[in-house]
Amino acid sequence: MTVDASGAEAALARPDSLSHLFWAFSRLALQGFGGVLAVAQRELVERLGWMSREEFVETLAVAQVLPGPNIVNISLMIGDRFFGLRGAMVALAGMMVFPAVIVLVLAALSTTWLASPRMSGALRGMGAVSAGLILATGLKLLPSLNKNPVGLWPGLALAALVFGATVWLKLPLFWIVLSVGGLGMTLALLALKRSRA
C-alpha cells in the first residue's frame, strides 16, 4: 500500500501480464547507461507504481546482500512477486536480452572503435554520470528512512559509516556488509522488539 498526497492509502499497481513485465524491464534496461538503479527507482516506484519507496529500499537492501548484480536480483524478486518463477524468468529476460545484443554488437565493432581516444574519454565521462545517478537516487530515497525501523538519524549514521569504510578505509565490500550491515540488522531488530513491546 502507498499513501497519496491526501493521506489516503492507495493500492499499488501491478503488471497486467508477463509481456507487460518483460517490456517494462526491457525499457528499464535500455535506459540504464551508466547505472540502472536510478532508472529502476524512477520506473518501478514513480512511473509504474509497482512498489512504494520503502519497498524499493527494502528490496534493494536484500539485492545488495545477495550475490550478483543488484538490478538482476531486483528483477528476479519483482518478477517472482507478481508471477512466481515464470515472472522471475521473464523479468530477468527483459533485463538481459536487449543489453546482451547491444554488447555483442559493440564487441564485434570494438577492435578499433572502442580503443580510440574519443571513445575512451566518453566511457570515462560515463563514470561521473553513473556516480551522479547513484547519489541522486540515494537522496531521493532518503525520506523513506523516516518509516524505517532504525529511524532517520541512525540510518544516516550507518550510511556515513559505509561511506567512510569505502572511501577512506577502502575496506572490501564483504567486510562492510558483514560489519555495518550486521550493525544495521541488529539496530532494526532491537527497534522492532521495542515497538512490539
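**Salt bridges and burial in the helices**

Colleague: Why is Arg81 called partly exposed?

Modeller: Arg81 has a relative accessible area of 37%. Buried means under 20% relative accessible area, exposed over 50%, and partly exposed in between (1.4 Å probe, protein chains only); Arg81 is therefore partly exposed. This is a predicted model, in which local features need pLDDT of at least 70 and side-chain atom pairs count only at pLDDT 80 or more, while totals for chains, interfaces and linings use all residues. Residues are numbered from 1 along each chain as its sequence is written, and side-chain values use heavy atoms, with hydrogens and water left out.

Colleague: What makes Glu55 and Arg81 a salt bridge?

Modeller: The term requires a side-chain nitrogen of Lys or Arg within 4 Å of a carboxyl oxygen of Asp or Glu. In this pair the closest N and O atoms are 3.2 Å apart. Glu55 lies in helix α3 and Arg81 in helix α4, so the pair ties together parts that are 26 residues apart in sequence. Helices are DSSP runs (H or I, at least four residues), numbered from the N terminus.

Colleague: How do you know whether Glu43 is buried or exposed?

Modeller: Glu43 has 2% relative accessibility and so counts as buried. Arg27, at 40%, counts as partly exposed, and so does Arg47 at 43%.

Key:
Helix = DSSP H or I, 4+ residues; strand = E, 2+ residues; numbered from the N terminus.
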